[in-house]
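Please consult the sequence and the structure shown below while reading.

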Amino acid sequence: MSERTLARRHRAVLPDWLALYYDDPIEIVRAEGRRVTDSEGNTYLDFFAGILTNAIGYGIAEISDAVRAQLDTGVLHTSTLYLIRKQVELAEQIAELSGIPDAKVFFTNSGTEANETALMLATQYRRSNQVLAFRNSYHGRAFATIGITGNRGWSASSLSPVKVSYVHGGYRYRGPFRGYSDADYVKACVDDLRDVLQTTTSGDVAAMIAEPIQGVGGFNVPPDGLLGAFKEVLDEHGILLISDEVQTGWGRTGEHFWGIQAHGVTPDAMTFAKGLGNGLAIGGVVARGDLMDCLQANSISTFGGNPVSTAGAKATLDYLLDNDLQGNAAKLGDRIIGGLREIGERYGVVGDVRGKGLMIGVELVEPGGTEPSPPAAGIVLEETKARGLLVGKGGLHNNVIRLAPPMTLTDSEAEEALRILGESIAKADEERSR
């Protein structure tokens, strides 16, 4: 059966709002290393990694062996009503890596569920339904997480169980403080935070939730230290800080293991998912013990932290640490960002290149100005595919190319991707300059 036939069947039985990439969507049927092959035999270098999830790449023996060993026991599931050895071992490791005092860990199935859990904990702990979030943010597709998402393209409903107030700081390229120095930018955002607290809340806010680098919003990078400056204000009011590390965790930014560490502050809670399972469904919250234990009702997690997902996640985390993939992300990220900036100097269609480590955004504009160019992003998406490279797309205006390859990327693969991106951007520039 052809991919076109499968795409027709997909559209007939799955929701219209379930997006597919490409004019002719592809079905990935095999993978090895950083390369995937579709059902028609085309092979691609993967620079989006299942939306940052296949953090180690494909066909990693240590991870496959750990999952296979668990499958061989016959125990795929038990529930959290019983002890799960790998769940305990993984929780101990994450608690230590978090740097949060007296940390405890709760496992979920996804980043959305992790953020829902963090919001439930914070609102219960503070006895308040007020939440601070960032403009242009994205935190998931469930009821509360849609309610705090600051990007209209991903916020399907105005209904919400929480009352949210939005602050500046995430999207520097198009924000009102564009052009400010780092110090002036931070000061302006802190002033805005104080104003929001005074004018749109009753003061007793439960928490601020923040992505250290906005993911779906276009890999937007605020100045280092911004969240640390925010935390000083939050502490004056007893407001909790939740760091959404679903995309920035596990060393992907290169310089730090957690994105929040660039801001010189320890949050009260962090949420995580994606890269931890290298494709297995797992997410979670790591938080101060008193915050985690504040719930007075009974609760379980039927599938969260199940034996298969935690066995694979433990092997993934061990592999990541043993092979210094954070260091590799830092080295190759610098090379790719530098190469893309050189490309951007040649083509007016490139408005901004930003990122840290292997989390890189290229904002495309109409040549000669700063007007967002979704058509240019569409051209680059198709052109890279035609040349054997898979990339992502996002941003508030859907005009940002998102690059987040597996952290096992090699030097030669980075150069290959830069060549393809250069050719594809040149094509977009030519077509949009006509």
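## Cysteines

C294 has a relative accessible area of 11% and is therefore buried (under 20% relative accessible area with a 1.4 Å probe and protein chains only; over 50% is exposed, and partly exposed lies in between). C189 likewise counts as buried, at 0% relative accessibility.

The model is predicted: local features need pLDDT of at least 70 and side-chain atom pairs pLDDT 80 or more, while totals for chains, interfaces and linings use all residues. Residues are numbered from 1 along each chain as its sequence is written, and side-chain values use heavy atoms, with hydrogens and water left out.

## Packing of α7 and α8

C189 also belongs to the contact of α7 with α8. Helix α7 spans residues 182-200 and helix α8 spans residues 226-237; helices are DSSP runs of H or I with at least four residues, strands are E runs of at least two, and both are numbered from the N terminus. Their axes are 9 Å apart, at an angle of about 25°. Axes are lines fitted to C-alpha atoms, for helices over the stretch in contact, and angles run from 0 to 180 degrees between N-to-C directions. α7 and α8 are therefore roughly parallel (under 35 degrees; over 145 is roughly antiparallel, 65 to 115 roughly perpendicular, and the rest oblique).

From α7, V186, C189, V190, L193, R194 and L197 meet L226, A229, F230, V233, L234, E236 and H237 of α8, where contact means heavy atoms within 4.5 Å. The residues of this contact comprise ten nonpolar, one polar and two charged.

## Packing of α4 and α10

Helix α4 (residues 85-98) and helix α10 (residues 307-322) cross at roughly 40°, and their axes come within 8 Å. The two helices are therefore oblique to each other.

In α4, the contact involves K86, Q87, E89, L90, Q93, I94 and L97; in α10, it involves T310, A311, A313, K314, L317, D318 and L321. Seven of the residues in this contact are nonpolar, three polar and four charged.

## Positive phi values

Most residues other than glycine have a negative phi. D102, however, has a positive phi near 50°. D102 lies in the loop between α4 and β4 (103-108) and is exposed, with a relative accessible area of 67%.

K274, also not a glycine, has a positive phi of about 40°. K274 is located in the loop between β9 (269-272) and β10 (283-288). With a relative accessible area of 21%, K274 is partly exposed.

Technical notes
Nonpolar A, V, L, I, M, F, W, Y, C, P; charged D, E, K, R; others polar.
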